[in-house]
Each structure stands twice: as C-alpha cells, then as structure tokens.
2 protein chains.
Amino acid sequence: MLEPVAAPCCPPLTERPLSADEAERTAKMFKALGDPVRLRLFSAVASHEGGEACVCDISDVGVSQPTVSHHLKKLREAGLLTSERRGTWVYYRVEPSVLAAMGQLLSAAA
Amino acid sequence: MLEPVAAPCCPPLTERPLSADEAERTAKMFKALGDPVRLRLFSAVASHEGGEACVCDISDVGVSQPTVSHHLKKLREAGLLTSERRGTWVYYRVEPSVLAAMGQLLSAAA
DNA sequence: TGTCTATGTTGACGCCTATCGATACAGGTG
DNA sequence: CACCTGTATCGATAGGCGTCAACATAGACA
C-alpha cells in the first residue's frame, strides 16, 4: 500500500537541479515533516530512548487521539517511521536510511 | 513582512522532542520544500553557478510563470531564498545559514 | 514619452488536508 | 464470554494551497 520513498534517492540539492521524478519523491518526505504536529511526533520518536516509542509516550501534542493517529500514518506513508504492535501498545521507530538520505540532501549546503 | 525563520533554530531532531514553538518555526522550512515544483526551483538555484540564478534560468519546471513567481515567493517567505533585482532580471540565491540549520536538524540521524 | 520584456500580484477555482466526534478493531483481563 | 484500554478508521467540515488567466509593475531602450 505504501512503499518507502526510496532511501538513497538524490544527490545534494546543491549538486544539480532535481528532475521532476526526483523532486516528486523527495518532496513527499519534506512535506511529511512540514507540519508542526508531525514534526513534534517525529522528534519525540527519534529522541526517545531505544529509538522507539509507544504512541502513548508521544501523543501529548495538543490534538485529539484520532489526529495523532492520522499524522503517524502520514509519517509511515512517507517512509519516515515504521510501526509494530507488541501486545497492547503500538511502537514507532524511525527509518534510519531515509533520515540519512534527507540529511545528505542538505549536507553539502555551503 | 516576512522575517527569516531563525536560522540557528533547533537541535537535531534526535536529541530531544521539539517544543511547540520550535516545531512551528521549523515546519515552515520543511513545508516550503514539501512541494515538487518548489524543490526543483530551490535545487536549480542552489546548484546554479555562482550560487545564484535569474528567474529566466530556472522557470522551466512545467508550470505557468505566475505559478513560478508564487512558489519563489513562498521560498522567500520561508527564509530559504533571497532575491535581488539587477536591471531587467531578478536573481535568487540560497540563504546558506538556513540550509545549514536544516542539515543540522537531520545530521545526527543514526 | 511610448513600447517591449521580465516579474510580481490579484482573484477565482478546485483539490488537498488538518481536525474532530463517532465508531471499529485488537489485545489484555476477569 | 464480557469488559476495558489503546489505537486505527470513517465521515464531515473548515481552511489552506497549487494553479491559472488577467492585470499591474519595473526596467531598458528608442
């Protein structure tokens, strides 16, 4: 249903102009982080001990529970987070390769 | 009218959960790059020789001229680009500090 | 002054999205 | 089995956003 956005995607933004296809795929990742609530959720997961967090650990961002679930789904669809149910709770963790790819896009910035 | 989004904003996303204020400001930058057309325009400017580009050099992205102008304005408002008119043409260049700040947000990704 | 070119702005349209309440599902406990 | 808790989905609504055509503005040049 939702394939990862291709982790090793593109060269740094400063190297050459992105093609339409590259831009389409890459923009999805940036777009996913372009919402304050999602950014807080993502940061909460990424900074949580063990690299993963239960929804119950991070859902205190000032919006309703369905909205939190909606945003976590968006982050999953963008390939930034993965989820796994273990018993009662669902745990989210960051997708390291995708995050590294995004960092590389901005890395050669100078 | 449009103040820069505070270049040295926040620690890496993996260090600690972002506050609501931090997320609000940071999300604007990611959001600005969350559109394929804007991403192509930004990449075209960033990769252009001399670090700057005339609109006429980069406006071939498959949308109308007003739309290009609209997206360039969004990138300006997000603090990612600056513009300057020199004679007939308007030149855009990347704001290095802001780009570096974004890179830092994703840098410690591991 | 007038005219041409290069950009920016305006107004409108349609789509996308963030948000919520209500509801459904999954898993644990009794 | 029934019940409770944690999480996801559904349906609806309001606002934001990408896009365009039309118009406005700025500079160059005659």
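Which residues in α1(B) meet which residues in α5(B)? In this predicted model, for which local features need pLDDT of at least 70, side-chain atom pairs count only at pLDDT 80 or more, and totals for chains, interfaces and linings use all residues, T26(B), M29(B) and F30(B) of α1(B) meet V98(B), M102(B), L105(B) and L106(B) of α5(B), contact being defined as heavy atoms within 4.5 Å. Residues are numbered from 1 along each chain as its sequence is written, chains are lettered from A and ligands numbered from 1 in the order in which they are written, and side-chain values use heavy atoms, with hydrogens and water left out. By class, this contact of α1(B) with α5(B) comprises six nonpolar residues, one polar residue and no charged residues, where Ala, Val, Leu, Ile, Met, Phe, Trp, Tyr, Cys and Pro count as nonpolar, Asp, Glu, Lys and Arg as charged, and the others, Gly among them, as polar.

The axes of helix α1 (residues 20-32) of chain B and helix α5 (residues 96-107) of chain B come within 11 Å and cross at roughly 105°, so that α1(B) is roughly perpendicular to α5(B). Here the axes are lines fitted to C-alpha atoms, for helices over the stretch in contact, with angles running from 0 to 180 degrees between N-to-C directions; angles under 35 degrees count as roughly parallel, over 145 as roughly antiparallel, 65 to 115 as roughly perpendicular and the rest as oblique. Helices (H or I, at least four residues) and strands (E, at least two) are DSSP runs, numbered from the N terminus.

With a salt bridge taken as a side-chain nitrogen of Lys or Arg within 4 Å of a carboxyl oxygen of Asp or Glu, the count over all chains comes to eight salt bridges. In chain A, R93(A) and E52(A) are joined by a salt bridge with an N to O distance of 3.0 Å, and this pair links distant parts of the chain, R93(A) lying in strand β3 (residues 89-94) and E52(A) in strand β1 (residues 52-54), 41 residues apart. R93(A) is partly exposed at 36% relative accessibility, whereas E52(A) is buried at 16% (buried means under 20% relative accessible area, exposed over 50%, partly exposed in between, with a 1.4 Å probe and protein chains only).

In chain B, R16(B) forms a salt bridge with E22(B), their closest N and O atoms being 2.7 Å apart; R16(B) is partly exposed at 33%, while E22(B) is buried at 11%. E84(B) and R86(B) likewise meet in a salt bridge (3.1 Å, N to O), with E84(B) partly exposed at 42% and R86(B) partly exposed at 35%. In chain A, salt bridges that share partners join E52(A), E84(A), R86(A) and R93(A) into one network.
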